[in-house]
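Please read the following briefing beside the sequence and the model. It goes through strands, aromatic contacts, salt bridges, surface and backbone in turn.

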Amino acid sequence: MQNNDEILSEFILEAREILDLLDAEFIRLEKLPDDKKLIGNIFRALHTLKGSSGFFAFKRLEKISHAGESLLGMIRDGQISLDPEKVDRLLETVDVLRIIIEGIEKSHSEPTGNDQVLIGQLQFLAKIQAVSDGQISQKIDSIPLLTENEASIDSAIPFEPSTAISDKSYDISTPVKVNLDALDRLMNLTSEMVLARNRLLPFANGSKDLNFSQTVRSIDLLTLELQERMMKMRMQPISYVWSKFSRLVRDLSRECNKQINLIQLGSETELDRALLDAIRDPLIHILRNSIDHSIETPEERKSKGKSEVGSIQLSAFHQNGMVVIEIVDDGAGINYERVRSRAIERRLVDSVEAEGLTNDALIELIFLPGFSTKDHISSLSGRGVGMDVVKNKIISIGGSIELTSESNIGTTIRLKIPLTLAIIPALLVGLEEQTFAIPENRILELARLIKKNNETPFEDFYGTPVYRLRENLIPVLYLNNELKLDQLSDSKSASINMVVVQSDEVKFGIIVDAILNIQDVVVKPLGPLLNNLPKYAGATILGSGRISLILDVDGIAVESGLAGRIRANPIHPVAIPMETLEEEVSMLLFELNGLSRIALPLECIEHILMLNATQFQENGDKEAIYYKDLFMHAVRLQDYVSGCNSSSHSEQTVFPALTCNLNHKTYALIVKQVHDIIQVPKKMHELSSPQRGIQGCIIYKNDVINILDLEEVIAMHNAHDSSTSYPRVIDIQGVLD
Amino acid sequence: MNISYLTFFIGKNQFCIPAERVLEMNRNTDYTSVPGAPAAIKGILNLRGQLIVAFDMSSLLGLEGSRKLSEAVSIIVDVDSSPISLLVDGVGDILSLGADTFERPPNNFPLHIRNAVIGAHKLADSLLVVIDPNLLIQYLTGKVEISTPVDPLFISP
């Protein structure tokens, strides 16, 4: 019995895969009705399903798939042609099959039901055209009429075992199905292995036995590889979620009488399986919105001078260790005036306030709970559960969502999703005897505050400690107070360690005893017993085997009352008239060979990396860097900027690199040394004669600081310009594209 | 039919739990305390890569424990197929006891431990109180709201 169950569950799994495949293939078939190979595929898939149903004596499955198969057989043989009605019927067949399979999964036996109507329709479709088409009337006789009589089944199918079998035999590496639970367990064991390895390493380092340390070294490498492979095994291509969408879009667009073409780009992009499951519903919701609200009916589109067929483009790609998913439609876009009036109607803002809102601010309103602009409630969307749910879901998995829309051009929604949640970089901090971890993506900066004359560096804001961080007041929390540990006396040490973090709503400082190091930690949940502690995001096991709690910055902000308090009464006034006179920007100050003061706006820079010489790899006549799954073009700035000694590639062994994104490419700008982040006026001085790679200059503390012209440098880099002379004309637009 | 019980001590008091629920016993009591957690939760332990919650039985049962932490024993118990650790002063014998010696707690039983105690066995010279780890967790999760199981990779916002 056990064995039977196993075979049955395998059958169900296989059947589901076949049905998914059929869904996708039918949609493709509709577009390419003459693709014989495609029809052959579908035919074989349905045939396999029929065969296995016969084995289990699932009569309904067998009969329906048989009827579908016969229709397909005739389409394949060119006896009848495929039209939307047939596709509809065939898809309906797939749906019924799916319902039956689900029934089998629940009860382990075939649910009862009457499929005569569907089977009749399929048979009718198989006959009608053959009859109406005089040219092939000869063939009618040769096609045995289908009856419900079991006996006729075998003779009626154009059965081709030879092709079915030969196709299979080419498929040598059949993937093995492993359930997610088993994978998780393996994952856990692997992280244990990593920890055991960590304990082993100090012995090897202290040992004089060469053999021993070599063995440990190889264990070390193997463990590392094992860990990486394990992480990869959890990854699945995004097509796992997307494959269902063609059917969804087809059905929904039919329902609203719209014509929509779904384009999928980058469906091979891989994401952690748990994340894939988490983004499915938000994506479906976004697609529904696009179909229902954004894409216009063919008539409307025609009158606007657009193609009658609307298009929705899904694309996914990697960027800076995140996966970016874009949903772009070419529909009507967001009607900002409607959003405004709707927001007033729903009392989300008052009418005076609403008038002053910019388009960006209006988009923010769409993400508020209970917002929906569709006047009537359709079956597709407009139930008031809307974009706020989508946004919350995306944020809960550590992602972000952006929406831009232009009237009559379309709407673009951009989701940024982390690759995995299992391992995150975190800063370890010490407090009393314990170690806590703070997720790195929440940390803005670390500050070590020296106490002068034993006085606290904080100011008292009516009982609340605050700190002046570059003229901005940020509230300060003592971690030991927040966690209700023993009161730590301020005077113990001469300096105070502060971690400046950004929560959802506020920026604040957390005071800790010690700042230890940043490392990748494996996040483990605290489990149901400790689930109600919002201050923790989980826990991790450190190399020593000790457990360290991971702090949840948002949770701490809310628990401390900071998030609520700030919202009610912001510490930073929206505009300080004195300071707005001169708008300031943050610049990163760095040094190149021969040019000691050059700066780049901080907003252009994604990361600062330290690279050693071995990480540079040849890439044609250029250099490239492959760092943490990210391919970057290496740009040695000194080769492109006036006033640098480009010749001397110096004996420097470690190169700081500033990574930046331009036109979907990632560049690593190699500099000699990074100095500081400075606040400078936005307005810069033009250079009297243009200098290669320099945009202009600013004065900072009586020094002249050059501002790098990033676009020009990248353009020169891409223009295969190896000479050092300044090119007279650079068609920047042309080169950048 | 007799049931096997593992007996353990908190100070001088003897208790027992059904032995079939016990997964293992060890002296790994190097817990990490979780500030803000209920008082009975001493912290979390690393059991071969799995995080398990360690309960301080003395505080749970409202008794004065005599132990120094280094002398405590951690009994790993299976509750709803996820292990928890009960920190006790020491363990005693495994006893096989039948239903004939079992009594339910009287009505005036102290409230704070009624939720963890299902009854007692009348031994020759004393009463052996039976703790049910399941009841214990239900009692705790009544206060500590239990929610749907979270995906191990899911960090709650």
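**Strand S26 of chain A and its partners**

A:Thr659 has A:Ala668 of S26(A) as its bridge partner. The model is a predicted one, in which local features need pLDDT of at least 70 and side-chain atom pairs count only at pLDDT 80 or more, whereas totals for chains, interfaces and linings use all residues. Residues are numbered from 1 along each chain as its sequence is written, chains are lettered from A and ligands numbered from 1 in the order in which they are written, and side-chain values use heavy atoms, with hydrogens and water left out.

- Strand S25 (residues 654-662) of chain A runs antiparallel to S26(A) and is joined to it by six bridges; two strands count as paired if DSSP finds at least two bridges between them.
- Strand S24 (residues 630-636) of chain A runs parallel to S26(A) and is joined to it by four bridges, and here A:Val635 has A:Leu669 as its bridge partner in S26(A).
- Helices (H or I, at least four residues) and strands (E, at least two) are DSSP runs, numbered from the N terminus.
- Because five of the six residues of strand S26 (residues 665-670) of chain A are buried, this strand is largely enclosed by the rest of the structure; buried means under 20% relative accessible area, exposed over 50%, and partly exposed in between, with a 1.4 Å probe and protein chains only.
- The hairpin of S25(A) and S26(A) has two residues between the strands, and A:Asn663 takes a positive phi near 50° in it.

**Chain B and its open sheet**

- Chain B has three helices and 11 strands, and 48% of its 157 residues count as buried.
- Five strands of chain B form an open sheet with mixed pairing, in the order S3-S6-S7-S5-S4.
- Strand S3 (22-26) and strand S4 (41-47) of chain B stand at the edges with a single partner strand each, so one side of each is left without a neighbour in the sheet.
- Within the sheet, strand S5 (residues 50-56) and strand S7 (residues 82-88) of chain B pair in the parallel sense over three bridges, with B:Ala54 opposite B:Ser85 in S7(B).

**Aromatic contacts**

- Over all chains, a search of the whole structure finds four aromatic pairs, where rings of Phe, Tyr and Trp (its six-membered ring) pair if their centres lie within 6.5 Å, and planes under 30 degrees apart count as stacked, over 60 as edge-to-face and the rest as tilted.
- The rings of A:Phe11 and A:Phe58 have centres 5.8 Å apart and planes at 35°, so this pair is tilted.
- A:Phe11 lies in helix H1 (residues 2-31) of chain A and A:Phe58 in the loop between helix H2 (36-56) and helix H3 (59-76) of chain A, so the pair ties together parts that are 47 residues apart in sequence.
- Both A:Phe11 and A:Phe58 are buried.
- One aromatic cluster is formed by A:Phe458, A:Tyr467 and A:Tyr478.

**Salt bridges**

- The count comes to 33 salt bridges over all chains, a salt bridge being a side-chain nitrogen of Lys or Arg within 4 Å of a carboxyl oxygen of Asp or Glu.
- A:Asp554 forms a salt bridge with A:Arg442, with the closest N and O atoms 2.6 Å apart.
- A:Asp554 lies in helix H20 (residues 553-559) of chain A and A:Arg442 in the loop between strand S9 (434-439) and strand S10 (443-450) of chain A, so the pair ties together parts that are 112 residues apart in sequence.
- A:Asp554 counts as buried at 13% relative accessibility, whereas A:Arg442 counts as partly exposed at 23%.
- In chain B, B:Asp132 forms a salt bridge with B:Arg21, with the closest N and O atoms 3.9 Å apart, and both residues are buried.

**Positive phi in loops of chain A**

- A:Asn257, a residue other than glycine, has a positive phi near 55°; A:Asn257 is found in the loop between helix H12 (245-255) and strand S2 (260-265) of chain A and counts as exposed at 60% relative accessibility.
- A:Asn408 is not a glycine either, yet has a positive phi of about 65°, and A:Asn408 counts as partly exposed at 38% relative accessibility.
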